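Dear colleague,

I am handing over the structure we spoke about, and you will find it just below.

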Amino acid sequence: MLSRRTLLLSATALAATAGPLAAVARAAARTPKVLVIGLDGALLTRIKDADAPNLDALMAAGLTAPSSIYADPLAPTLSGPGWSTLLTGVWPDKHNVKDNAFTGHRFAQYPDFLTRVETAKSSLATYAVSSWAPLTDTVFSAKVDTRVSTPSAEYDTGTTARAVTRLRDGDPDAMFVQLDNIDHAGHSYGAASTQYTDAIHTADAQVGQIVAALRARPGHAAEDWLILVTADHGHTDPGGHGGSTLQERQTFLIATGSALAAGSVRHDVKMPDVAASALAHLDIPLDPAWDLDGRPIQQPRPDDFDALRPTLTARADETGIPAGLLGFTHTPPAGWSVDNSRMGTGGVTEWRGWSFTTDEFWTQAQRDQSRECNVRARGVFAVADGDEWSDKAVTGTFDSTLVGPAWPVTGGTTATLTYTTYYRHESPQRGEVSVSYDGAAPVTVRTYTADTPSRTETITLQVPPGARTARVRFRYTGGNNWYWVIDGVGLTRA
């Protein structure tokens, strides 16, 4: 056990006390606190199948967010990369954990969320206990007040007892608890086994003990707890993980708290949001210099493409995608359009011109072609996929333009265009971003002619004098090449 307590509140911490949720009135000025529980290798679908009344109750009381992660070459679906992503709030291309040895990690640059709590507000009490020792030995830093690696002989029973004791006898402000046995059952018996659902039942009871201890605290009525339950990866039915199947890439977030609606479901939540949400709840500002990928679940960002989810349909030509999965449409959201006037004919129906789809649908069109690395798009996104379109006979080339709405601008000033992109290149393919002001000829502002990893782009636009509106266009040209993903498009005036 490693413990530390400092009595000095640094100037940095004092400067950080006005956080992103400081303006939100908490009933009776309750004290914000965070509990993160990690269920290693747990599948949300199996939780729903299992006898798991405590997790069911948390879902009924708050938010349930199914999600998915990456695969190679970004990182395999292993615990090291998974937990590092959850705890640091950044994807593997930043924290650089690619295995369970944590070789080459960048935790000094991208520390765990409890370390960020200590750096910002050292007066807060932080605690981490884990059945899988590498988390508390390696991922969490020595700045965390207490880090406990449960002896293997005690395993999840000991981890649960320690968490209960800390909640009962201590006064933690931010806690992390990792339970490991679901993953063990997955490896030994497979995710389709009764042993796996039995392990979920046992973990559910342990979660129940922890939550009961939290609610039994003498000062609970004056505390504002955010409870986050999540997993680092999924499991195959035969057992195991590390590959690129959707089942191995599955994860989730169950969250309850004062800012979350009971019984709500969202599809825009990603793994790095766990750390960001914990920090935001503790009124710690998310410094842009931290370069986090996560964003607080308490502060959802409406996205035009996500509004299409109720309109998504099942597969047409893509027989490798499950028949019951609703995951694509060619109909753009209100204000948007797709120009296919130069588009070739034939090809795979789903990808004829720009399409709107989800990770679950698109990645199953063809695994292991790096579609799984599209990590920064959320929910429903737009994709131009010449590779998949060409899997049936085509005439002509892929030439499709996604056209945005007429956004208001102020002539003679600047505006900022932002969007998330992921572009895999093969010549003669090309991606072109252009802007048209008041219906004039489009002006190219960015081109893509080389591989571009998943990232958020920010482009400063010089608005012509007198201009009142701007339309953004994303034109993809090519043939049997690769693909281009666009999401989260927005334009703001100076």
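In helix α3, the residues P53, N54, L55 and L58 meet D204, A205, V207, G208 and R215 of α10. Please keep in mind while reading that this is a predicted model. Sorted by class, the contact of α3 with α10 contains five nonpolar, two polar and two charged residues. The axes of α3, which spans residues 53-61, and of α10 come within 7 Å and cross at roughly 55 degrees, and that angle makes α3 oblique to α10.

Helix α10 (residues 194-215) also packs with helix α8 (residues 155-169), their axes coming within 8 Å and crossing at roughly 10 degrees. Because angles under 35 degrees count as roughly parallel, α8 is described as roughly parallel to α10. On the side of α8 the contact is made by D156, T157, T160, A163, V164 and L167, and on the side of α10 by Q206, Q209, I210, A213 and L214. By class, this contact of α8 with α10 has six nonpolar, four polar and one charged residues.

Turning to the interior, in soluble globular proteins nonpolar side chains tend to be buried together. Here the largest nonpolar core has 97 residues, and those with the most contacts inside it are F113, F176, W354, Y419, F474 and W484. The element that gives the most to this core is strand β23 (residues 483-493), with six residues. Apart from this core lies another one, of 39 residues, which includes A42, L58, A231 and F252.

As for the charged groups, side chains of opposite charge can pair when their charged atoms come close. The count comes to 27 salt bridges in the model, and I describe a few of them here.

D399 forms a salt bridge with R342, with the closest N and O atoms 3.5 Å apart. This pair links distant parts of the chain, since D399 lies in strand β16 (residues 398-403) and R342 in the loop between β11 (337-339) and β12 (345-346), 57 residues apart. D399 is buried, with a relative accessible area of 9%, whereas R342 is partly exposed, with a relative accessible area of 42%.

R446 forms a salt bridge with E457, and here the closest N and O atoms are 3.2 Å apart. R446 lies in strand β20 (residues 443-448) and E457 in strand β21 (residues 452-462), so the pair ties together parts that are eleven residues apart in sequence. E457 counts as buried, at 5% relative accessibility, while R446 is partly exposed, with a relative accessible area of 27%.

R367 and D368 also form a salt bridge, their closest N and O atoms being 3.8 Å apart. In this pair R367 is partly exposed, with a relative accessible area of 36%, and D368 is exposed, with a relative accessible area of 53%.

Finally, K33, D171, D173, R217 and E223 are linked in a network of salt bridges.

With best wishes

Technical notes:
Residues are numbered from 1 along each chain as its sequence is written. This is a predicted model: local features need pLDDT of at least 70, side-chain atom pairs count only at pLDDT 80 or more; totals for chains, interfaces and linings use all residues. Side-chain values use heavy atoms; hydrogens and water are left out. A nonpolar core is a set of buried Ala, Val, Leu, Ile, Met, Phe, Trp, Tyr and Cys residues joined through side-chain atoms within 4.5 Å. Buried means under 20% relative accessible area, exposed over 50%, partly exposed in between (1.4 Å probe, protein chains only). Helices (H or I, at least four residues) and strands (E, at least two) are DSSP runs, numbered from the N terminus. Axes are lines fitted to C-alpha atoms, for helices over the stretch in contact, and angles run from 0 to 180 degrees between N-to-C directions. Angles under 35 degrees count as roughly parallel, over 145 as roughly antiparallel, 65 to 115 as roughly perpendicular and the rest as oblique. Contact means heavy atoms within 4.5 Å. Ala, Val, Leu, Ile, Met, Phe, Trp, Tyr, Cys and Pro count as nonpolar, Asp, Glu, Lys and Arg as charged, and the others, Gly among them, as polar. A salt bridge is a side-chain nitrogen of Lys or Arg within 4 Å of a carboxyl oxygen of Asp or Glu.
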